[in-house]
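I opened this notebook page to record what I looked up in one structure. The entries cover a helix pair and then the pockets.

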Amino acid sequence: MRELLTKIEQNSRLDRFGDRLQRAVQGTLRGQRVRDLLHGVWLGHPLHPAMVQVTVGSWMSAAVLDLLPGQRRAATALIAVGTASAVPSAVAGLNDWAALARDQRRVGLVHAASNSVALVLYGGSLAARLSGRHGLGRTLGFLGLSAASAGAYIGGHLAYKQGAQVNVSVSDLHLISDGWHAIAEMDSLPQRELVTRKVDEVSVILYRHGDDVTVMLERCPHQSGPLGEGEVREIDGHACVVCPWHGSTFRLNGGEVVHGPSSNDQQILPTRVVNGKLEARLP
């Protein structure tokens, strides 16, 4: 499976279909509010894996009930819940997928294809059960669960091996040693401009507003974009930095995510000023 997934990551022939699908998704989900909702900006982490719990949980519970006598009605109800919830879960997943890197999108295509097969099988299972063919419904249900399990395995590879929709910048904190670190002379910092510095070997951005200075990890949580090269924009009365790669937006006075595709806040380091020098430390 590892070799197969590596081949999928490197299979550029998938890009012909993947690029067209990406344009279609981006053309359909145009509104920033809609995209932020589906990314899970309001939730603080990706919405898609949270929604999938309803779908997979319902289908797995139905499979258990299918092994027990006298549970046809309950199993059918769970199949219906899982099948209905799979559609909005897929929409949220496609929204996340469209903002990924190309090698991630290739694996994501196979993940989506496997789950689509599961959805078709469960749709058939539900139709069979409602028409009284419970034996066929159970068979299709178990086949659907197999396809969904394969999709879950591929999704795990996508998230945990390829880092799709996880906070890729937070690991930088592990590279910073304990204690306070001098970063810059306060007098050298311009007002309301982004400045890039390093704490140990970790790149951070500095933003001064009056006597207050924000020190924020420079790598964007979404795909490691260089926030130091981003644009400062005022949104709802707050100065925010916009990632130049995919547009993820974070408040400079707290690190809260304002717009996706990132659904994670960006890490801010505590600061102090000693003898005119700005210092920062781990949270």
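**Helix pair**

I examined α4 and α7, whose axes come within 10 Å and cross at roughly 140°. The model is predicted: local features need pLDDT of at least 70, side-chain atom pairs count only at pLDDT 80 or more, and totals for chains, interfaces and linings use all residues. Residues are numbered from 1 along each chain as its sequence is written, and side-chain values use heavy atoms, with hydrogens and water left out.

Helices are DSSP runs of H or I with at least four residues, strands are runs of E with at least two, and both are numbered from the N terminus. Axes are lines fitted to C-alpha atoms, for helices over the stretch in contact, with angles from 0 to 180 degrees between N-to-C directions.

I therefore noted α4 and α7 as oblique to each other (under 35 degrees is roughly parallel, over 145 roughly antiparallel, 65 to 115 roughly perpendicular, the rest oblique).

I recorded that Trp59, Met60, Ala63 and Asp66 of α4 and Arg138, Phe142, Leu145 and Ala148 of α7 make the contact (heavy atoms within 4.5 Å). By class, this contact has six nonpolar, no polar and two charged residues (Ala, Val, Leu, Ile, Met, Phe, Trp, Tyr, Cys and Pro count as nonpolar, Asp, Glu, Lys and Arg as charged, the others, Gly among them, as polar).

**Pocket linings**

I next looked up the lining of the largest pocket, which divides into 21 nonpolar, 13 polar and one charged residue. A pocket is an open set of points on a 1 Å grid over the protein atoms alone, where a 1.4 Å probe fits, with protein on both sides within 12 Å along at least five of seven lines; lining residues have an atom within 4 Å of a point.

For the second largest pocket I noted five nonpolar, five polar and four charged lining residues.
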